[in-house]
Amino acid sequence: RGGWWSSDHAHFEDLPIGSLSVHRVVLHPSPAAMPFYLTVGVVALVVMFLLGRSWRRGRREGLAAFVGALLLAPVALNEVAITTGLFPTVPLSPLGLVALAYGVSLTLVIRYGRLSRELSERTDQLQQSSFELMASYDQLKRAQEQLVRSEQRAMVGELAAVIAHEVRNPLAIVNNAVASLRKQ
């Protein structure tokens, strides 16, 4: 309809590739399509920059996605060159998109593997901490039982001291009375 492509200068072209001949349509982008192409190009460059920066900062699993985006850039330029008629080549966009999808998928698989290992290590650490906590709890329980027994023995000792005191008082009175009877 002429929104993205100007059909005024559209023409068919045969592209010889080895012994084959590929038929293609050459269209020129309309003025409305140019901001779109510019925006897509800028977004692709920003994505490549961010993925590359992430990789350089130590996120090694991002390398595959960065390479996929890096491979997509020349493919996108190839597609623009084909549609604008700058030079005749074969369409490579499916290969570029597969490279990007493979890179992103590989990034996710690598990240999943790393997270799985970290989760396994964390599980082992928590299990070890749980065993240590259970051992500490058993030790605390034994110490508490020993403390209760010590308190019981202390109470029995105090009770024995009170009973001994109560028995000694009347004996002391009887002893004094016997001593005073002997004197006379």
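Buried residues are those under 20% relative accessible area, exposed ones are over 50%, and partly exposed ones fall in between (1.4 Å probe, protein chains only). By that rule, Gly96, Ala99, Gly103, Thr107 and Gly113 are buried in helix H3. The structure is a predicted model, in which local features need pLDDT of at least 70 and side-chain atom pairs count only at pLDDT 80 or more, while totals for chains, interfaces and linings use all residues. Residues are numbered from 1 along each chain as its sequence is written, and side-chain values use heavy atoms, with hydrogens and water left out.

**Overall form**

- The chain contains three helices and two strands, where helices (H or I, at least four residues) and strands (E, at least two) are DSSP runs numbered from the N terminus.
- Their order along the sequence is β-β-α-α-α.
- Along the principal axes, the C-alpha atoms fill a box of roughly 155 × 35 × 30 Å.

**Burial, contacts and charge**

- Buried residues make up 15% of the 184 in the chain.
- Among contacts (heavy atoms within 4.5 Å) with a separation of 6 or more, 53% join residues 24 or more positions apart.
- The chain has 18 positive side chains (Lys and Arg) and 14 negative ones (Asp and Glu), with His and the chain ends not counted.
- The centres of the two charge sets lie 10 Å apart, with each charge placed at NZ of Lys, CZ of Arg, CG of Asp or CD of Glu.

- Helix H3 covers residues 93-183, and its 91 residues should span 135 Å at 1.5 Å a residue; the end C-alpha atoms are 131 Å apart, which agrees.
- The expected span of a helix is 1.5 Å times one less than its number of residues.
- Helix H1 (residues 33-56) has 24 residues and reaches 34 Å between its first and last C-alpha, close to the expected 34 Å.
- Ala33, Met48 and Gly52 are buried in H1.
- Gly58 follows H1 and has a positive phi, near 110°.

**Val75 in helix H2**

- Val75 lies in helix H2, which runs over residues 63-84.
- Val75 has a relative accessible area of 10%, so this residue counts as buried.
- Apart from neighbours within four places in sequence, Val75 is in contact with Leu92, Ser93 and Gly96.
- Val75 and Glu132 are 57 residues apart along the chain, and their C-alpha atoms are separated by 58 Å.
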